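Here is a short report for a reader who is new to this structure. Look through the sequence and the model first, then read on.

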Amino acid sequence: MIEKTTQDWTRRLDIVTHDVSLLCSNLENSALNWKPNDDVWSVAQILEHLIKVNSSYYPMFKSLRAGTYRLPWTARIPFLPGVFGRMILNSVKPENVRKVRTFPIWQPALSGVEDSIVDDFLLHQTELKKHIASSSDLLTNHTLIRSPANSNIVYTLMDAFHIIVTHEERHLAQLKRILAMHEKS
């Protein structure tokens, strides 16, 4: 089951990666940073946000491997990780059109994201897939982690990867909407 699940995550990440490459690789900086208004992120900000969110988990993976990872007291409440995992996963699903505020650590730059953001994102996807591929043992052991944004929020690593992949799909849909608006402007 773990292998099938990780293959599914990899397949879904490959789709996001392919679509971002196809849609964004030839965009100029002005198009990457275009925003219809101040309340909406640009394509570049979306990609930067995804890199920030996903990368915020990487120190945890290293700490888990080193045996130095510590969980908060909330991890001792048996039902809580499942509740938190489902709640966060439901909030990031692409079909959930409600706008969700992001935590400050995951906010993208206000403007002027670098031209290299698309290449940075594509390289980041390769790194993310390596983390997933090397986590089979942790997934099998139902490893718990805490949210990088709030240490009292705990969920399984399995839920974390579900959240990460689904979150990327949500923002891919947002990216497509921004590009469609840009074409009409």
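## Val154 and its contacts

Val154 touches Pro72, Thr74, Ala75, Leu80, Pro81, Phe84, Ile145 and Arg146, leaving aside residues up to four places away in sequence. Contact here means heavy atoms within 4.5 Å. Val154 lies in strand S2, residues 154-156. Helices (H or I, at least four residues) and strands (E, at least two) are DSSP runs, numbered from the N terminus. Val154 is buried, because its relative accessible area is 0%. Buried means under 20% relative accessible area, exposed means over 50%, and partly exposed is in between (1.4 Å probe, protein chains only). Val154 and Asp120 are 34 residues apart in sequence and 29 Å apart in space, C-alpha to C-alpha.

## About the model

This is a predicted model: local features need pLDDT of at least 70, side-chain atom pairs count only at pLDDT 80 or more, and totals for chains, interfaces and linings use all residues. Residues are numbered from 1 along each chain as its sequence is written, and side-chain values use heavy atoms, with hydrogens and water left out.

## Ile2 and Met158

Ile2 lies in helix H1. Met158 is found in helix H8, residues 157-184. Met158 in turn touches Ile2, Thr5, Trp9 and Leu139, with residues up to four places away not counted.

Ile2 counts as buried because its relative accessibility is 17%. Met158 is buried too, at 17% relative accessibility. Met158 and Met87 are 71 residues apart in sequence and 14 Å apart in space, C-alpha to C-alpha.

## His167 in helix H8

Helix H8 also holds His167. Is His167 buried or exposed? His167 counts as buried, because its relative accessibility is 8%. His167 touches His49, Leu50, Val53 and Val92, not counting residues up to four places away in sequence.

## Salt bridges

A salt bridge is a side-chain nitrogen of Lys or Arg within 4 Å of a carboxyl oxygen of Asp or Glu. How many salt bridges are there by this rule? The count comes to 6.

One of them joins the side chains of Arg11 and Asp8, at 2.5 Å from N to O. Both residues lie in helix H1 (residues 2-24), 3 residues apart, about one turn of the helix. Asp8 is partly exposed at 28% relative accessibility. Arg11 is partly exposed as well, with a relative accessible area of 44%. Glu169 forms a salt bridge with Arg12, and their closest N and O atoms are 2.7 Å apart. Glu169 lies in helix H8 and Arg12 in helix H1, so this pair ties together parts that are 157 residues apart in sequence. Arg12 is buried, with a relative accessible area of 14%, whereas Glu169 is partly exposed at 22%.

The side chains of Asp14 and Lys129 also meet in a salt bridge, at 2.4 Å from N to O. That pair links distant parts of the chain: Asp14 in helix H1 and Lys129 in helix H6, 115 residues apart. Asp14 is partly exposed, with a relative accessible area of 35%. Lys129 is partly exposed, with a relative accessible area of 22%. Salt bridges that share partners join Asp8, Arg11, Arg12 and Glu169 into one network.

## His142 in a loop

His142 has a positive phi of about 55°, although it is not a glycine. Most residues other than glycine have a negative phi. His142 is found in the loop between helix H7 (136-140) and strand S1 (144-146). His142 counts as exposed because its relative accessibility is 61%.
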